[in-house]
Amino acid sequence: MSEPLAILGVVGLRKEFGPLVAVDDVDFAIPVGGSLAIVGESGSGKTTVARMIVGLERPTAGAIIACGRDRSTPARGAAERRRRGGEVQIVFQDPYSSLDPRQAVTAAIDEVLRLHAADLDADARRARVGELGGLVGLDERQMRARPGALSGGQRQRVAIARALAATPRVIVLDESVAALDVSIQAQVLNLLADVRVATGVSFLLISHDLAVVRQLTEQVIVMQRGRIVERGATAAVLDDPQEPYTQLLRASVPTAGWKPRRRAGAR
Amino acid sequence: MTALLEIEQLGVDLAVEGAQRTVLRDVSLTIGAGEAVGLVGESGSGKSMTARAVDRLLPARATVRGAIRFDGRDVLALRGAALRDYRGEVAFVFQDARAHTNPVRTIGDFMTETLRTQRKLRRPEARRRAVALLAEVGIEDGERRLGQHPHELSGGMLQRVMIATALLTEPRLLLADEPTTALDVTTQAEVMAILDDLRRDRELALLFITHDLELAGAVCDRTAVMYAGQIVEQRASHLLHDDPLHPYTAGLVAARPSISSTSPRLAAIPGRPLSAFEAPEGCAFAPRCGHADEVCVATRPDVATIDEGAARCHHAVALRGRLAEAFRV
């Protein structure tokens, strides 16, 4: 089978929680090596889309195709689950709760290698752990530390290294830089750009931060109340938003000279 | 403009893991009546601690040096009823509105408690005032809201309730600690607009704490930038972006991705933000600064006044005009 054009695609994706429709008829495709952002506010359904893609929620309807294979129903058995893990990884928002506090960084990365690079022996794994640590900019002392001894930015580097250990084709970044200080966020954004160049991995970025979206992606979809309201090239959508909701989002971002305005008929 | 709040050489040590650790060092800041001042910094820079010190909300066993005066009164000496009255004049709005409300009490109970218990107002009058203020923050059906519980309100709605509550005692200074950080961006714009309107209508002084330079600039005449427990720069907000005086400010501006242009890489500041107690002997920013030399490593810089602004940097005068450029890639 030839390489599929899209490394990750969803078609007619829908998720209901009881009477609430969280995600309604969402379609998109990320080309190999591409980077796509889903933008929206709380309740837009963007995180639910991410959770369905990595198998944390089961879609009510629709298809999710990663690396040419459907993953819209739960994996049957460990081998299938592992294969899916090797295709798509996720980095969560909160670096304080997404790592095991009792596990040193090297062990956390090694654990992923045991699962996803079973052909490597102990020495090769040790070398690979060091390589991944170097790629995300963690020094030897930090690699031996437990998460409690690391700062938020350092922990997020660990989470990225751990995701990369599975050599995924796609990394889902669910607000992965939102909790970081400005100076650290810039470092992690640069790191993600470098990782993409070095490994050819694709990104699905879930974010409310339009500036971060511009920095990291080429394509964007804007979601509101579960539906896609606008899509296109990131620069084009941000420079010249067409839909009223996108225009409101864009106008709400504080930039130099920005003045907050009351909305007419706001809730 | 007469000074309403004067913070002079404020230093704070807190008990952390059994040792007294410095979190604030030589913080001096003045806010005039009706003036809005932004306090910007990254985590651990001491911006929240400064506001808490002003409202006397520091944890027990904190050691405080320096002086805080409000309208001529010595804030650090206030006790009992005088402290309660002071807190009516200096109100606080916190970041996490939900954590600062009691989930089992109604909005009405929460809003009118101070008026009833301290100002001895009768319940109907207290409720009438609460409803009037809710209308001012854009909540029209105040009477119904008073009967609701916090979980029935959205985050943006609850933060507006918090702002209305803070204003019930008719304060002269509002300390707002990241009041919109937990909100969606469109809600943030709305809440900021309300805060800005109220402040102007009531000639209320504002200390607005945020990590977002641009957000501070939108509502504040003047912005102070904090790093490692010190104020490193004070400047008219509209000048911070293009004519910063301190390398750290220039670095913060450059590190933030832009919404209107794409660049392959950001000018990241190396290293991580330090707390005051971790800061080295000389300039606290020296280890991360591209302009640092032996002087910066050896001696702690004093505040240099430049063009109505001030910077805590040995080389502020020499670097003037080159900082914004140097970080641009």
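Modeller: The side chain of B:Glu233 reaches the backbone nitrogen of B:Leu245 at 2.9 Å. A second polar contact, of 2.8 Å, joins this side chain to that of B:Thr249; the term denotes a pair of N or O atoms within 3.5 Å, where within protein one must be able to donate a hydrogen and the other to accept it, and residues adjacent in sequence count only if both atoms are side-chain atoms. The model is a predicted one, in which local features need pLDDT of at least 70 and side-chain atom pairs count only at pLDDT 80 or more, while totals for chains, interfaces and linings use all residues. Residues are numbered from 1 along each chain as its sequence is written, chains are lettered from A and ligands numbered from 1 in the order in which they are written, and side-chain values use heavy atoms, with hydrogens and water left out.

B:Glu233 belongs to strand β10 (residues 230–236) of chain B; strands (E, at least two residues) and helices (H or I, at least four) are DSSP runs numbered from the N terminus. Although buried, B:Glu233 has no salt bridge, and the nearest side chain of opposite charge, B:Arg235, is 4.1 Å away. Buried means under 20% relative accessible area, exposed over 50% and partly exposed in between (1.4 Å probe, protein chains only). A salt bridge requires a side-chain nitrogen of Lys or Arg within 4 Å of a carboxyl oxygen of Asp or Glu; for charge, Lys and Arg count as positive and Asp and Glu as negative, with His and the chain ends not counted.

B:Asp242, by contrast, lies in the loop between α9 (237–240) and α10 (247–255) of chain B. Its relative accessibility is 55%, so B:Asp242 counts as exposed. The side chain of B:Asp242 makes a polar contact of 3.5 Å with that of B:His241.

In chain A, the side chains of A:Asp110 and A:Arg125 meet in one of 2.9 Å, N to O. Since A:Asp110 lies in helix α3 (residues 105–116) of chain A and A:Arg125 in helix α4 (residues 122–136) of chain A, the pair ties together parts that are 15 residues apart in sequence. Both A:Asp110 and A:Arg125 are buried.

In chain B, a salt bridge joins B:Glu6 to B:Arg69, with the closest N and O atoms 3.7 Å apart. This pair links distant parts of the chain, 63 residues apart: B:Glu6 is in strand β1 of chain B and B:Arg69 in strand β4 (residues 63–70) of chain B. B:Glu6 is partly exposed, with a relative accessible area of 25%, and B:Arg69 is also partly exposed, at 26%.

Strand β1 (residues 3–16) of chain B pairs with β2 (residues 19–32) of chain B in the antiparallel sense over 10 bridges; two strands pair if DSSP finds at least two bridges between them. Here B:Leu14 has B:Arg21 of β2(B) as its bridge partner. The hairpin of β1(B) and β2(B) has 2 residues between the strands, and in it B:Glu17 takes a positive phi near 50°.
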